[in-house]
Every structure is written in structure tokens, then in C-alpha cells.
Amino acid sequence: MILHDLPGAPNPTKVRLYLAEKMAKGVTLDLEIRKVNVFKKANRTAEFLAKNPFGTMPVLELDDGRTIFESLPIIEYLEEKYPQGSMWGETAEERGQARTLERVADVRILIPSATYVHATNSPLGWPANPAIAAHALAQLQVAFSWLNRELADGRPFLMGERVTVADCTLQGALQFMRFRELENLAEFENIARWSADYRVREPVKSVLMF
Ligand SMILES: N[C@@H](CCC(=O)N[C@@H](CS)C(=O)NCC(=O)O)C(=O)O
């Protein structure tokens with residue numbers, strides 16, 4: 001398998017963190033990671049668009065040439081292929097809750113934070129858009145306020161004592177926000193504490209850029 005990657009970007013980072021966590025649980029994955037040079041528009045070539053018609057990363061290319069080009073389905077595919085060391089949880093209830101937190105981290109944090117970064121200081125050079133930035137920031141404030149209250153109990157991971165995909169998604173978002181120096185989470189001290197603790201864990205150090 002080949003993972004087509006864009007280091008530092010939120011969705012690819014989510015998958016890279018997932019892989020790092022999975023390997024730290026002792027799972028061996030036969031996977032090559034290939035960086036896609038977006039500055040040279042390598043994701044807009046006919047060859048790449050045949051793998052993902054939308055030109056986005058991450059893309060998982062299977063050994064038979066088929067591709068999976070959405071981050072969460074990539075993770076779900078790998079979870080099915082490598083069920084040992086579940087990154088969702090042991091019981092149906094745990095998995096349901098972990099998936100809920102993952103969706104919140106993605107839909108209410110990762111997507112608006114990526115929108116905000118691109119609308120203010122896009123690392124890809126996309127044009128600024130103050131109205132879109134303001135809307136995204138308002139969405140983020142709501143989600144961060146809720147999550148900050150949830151994390152007030154000092155738990156090490158979103159689901160408590162065990163790491164899940166939800167942590168990978170949240171850190172993928174926060175990593176990307178560092179491009180905008182928006183990871184000034186002073187107002188959200190419990191999220192800041194969670195992030196600082198998560199970032200220094202051995203498995204994830206090699207994935208996080210700065
Ligand atoms: N919903 C998709 C979003 C993928 C996406 O937007 N990827 C971004 C990086 S986070 C990308 O490749 N951007 C480059 C571009 O659009 O040219 C997923 O979860 O994989």
C-alpha cells in the first residue's frame with residue numbers, strides 16, 4: 001500500500017497520527033508513505049487525479065491499484081485490515097462515543113480551523129476571505145468552549161485513559177492551526193493542556209512538524 005501524504009495538513013496528519021499510534025500498539029503495517037508536492041501541482045496531474053478526482057490528500061493506494069481518498073474511510077479500512085489494538089474502543093458503547101468525539105473534532109474543529117487558516121494565511125497561498133474567516137472562527141469558538149469544559153477533568157485522551165482516532169483528528173486540526181498562530185489556546189486552557197501532553201508522546205513526535 002502507498003499513502004499519498006501532505007505533511008502538516010490536517011487530514012493527512014490525522015491519518016499519520018493514527019498510523020503512528022497503531023504501530024505503537026505493535027501493529028506492523030506494510031505501507032509506503034509518499035509526499036505529494038502541491039507547490040509543483042503534483043496533485044493536479046492526470047496521474048494523481050486518476051487516484052483521487054478531487055486532488056486532495058491523503059490517498060491510500062491499495063496493492064491492486066484501487067484507492068481510498070477520504071481520511072476517515074482510510075482509517076476505517078486499516079482498522080478492518082488490522083483489528084488488533086483497536087483505535088476506537090473495546091465495546092460498542094466505547095466505539096460509539098469515540099466516533100462521536102471524532103466527528104465533533106472533524107466537523108466542528110478540523111474543518112472550520114482549516115477554513116480559517118486558509119482564509120487568513122493560507123500555507124498554500126489561497127486568497128484571504130475575511131467573511132469566511134469570521135464565520136469559521138465563530139464555529140470554532142462554540143466547539144472549543146464545549147470541548148474545554150469536557151476536558152476540565154484532566155483526562156489524558158478525549159475518551160479518557162485510552163487513545164482513539166478522536167485524538168488523532170483533534171491534533172491534526174491543532175497542528176494545522178499553528179500555521180496561523182491560532183494555536184494560542186490561552187482561553188481554552190484544558191484543550192491547551194491536552195494538546196501539550198499529546199504532542200510530547202513518543203509515537204506522535206515524528207509526525208508533528210513544529
Ligand atoms: N474530506 C477529505 C479532505 C481532504 C483535504 O481537503 N485535503 C487537503 C489537506 S487537509 C488537501 O489535500 N488540500 C490540497 C488541495 O486541495 O489542493 C478527507 O478527509 O480526506
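This is a predicted model: local features need pLDDT of at least 70, side-chain atom pairs count only at pLDDT 80 or more; totals for chains, interfaces and linings use all residues.
**View 1. Division of the protein chain into two parts.** The protein chain is divided into domain 1, covering 2-81, and domain 2, covering 92-202. A distance of 21 Å separates the C-alpha centres of domain 1 and domain 2. Between them, eleven residues of domain 1 are in contact with twelve residues of domain 2. On the side of domain 1 that touches domain 2, the largest share, seven residues, comes from α1. That side of domain 1 consists, by class, of six nonpolar, three polar and two charged residues.

**View 2. Packing of helix α4 with helix α5.** Helix α4 (residues 92-121) packs with helix α5 (residues 130-150) at an angle of about 150 degrees, and their axes are 8 Å apart. Angles over 145 degrees count as roughly antiparallel, and α4 and α5 are therefore roughly antiparallel to each other. The crossing in which α4 passes α5 is left-handed.

**View 3. Residues in the contact of α4 with α5.** From α4, the contact is made by V104, R108, I109, P112, S113, T115, Y116, A119 and T120. The residues of α5 that make the contact are I132, A133, A136, L137, Q139, L140 and A143. By class, the contact of α4 with α5 comprises eleven nonpolar, four polar and one charged residues.

Note on methods: Residues are numbered from 1 along each chain as its sequence is written. Axes are lines fitted to C-alpha atoms, for helices over the stretch in contact, and angles run from 0 to 180 degrees between N-to-C directions. Helices (H or I, at least four residues) and strands (E, at least two) are DSSP runs, numbered from the N terminus. Angles under 35 degrees count as roughly parallel, over 145 as roughly antiparallel, 65 to 115 as roughly perpendicular and the rest as oblique. A crossing is left-handed if the near helix is turned anticlockwise from the far one by less than a right angle, and right-handed if clockwise. Two residues are in contact if their C-beta atoms, placed from the backbone, lie within 7 Å. Ala, Val, Leu, Ile, Met, Phe, Trp, Tyr, Cys and Pro count as nonpolar, Asp, Glu, Lys and Arg as charged, and the others, Gly among them, as polar. Domain bounds come from an automatic or database domain assignment.
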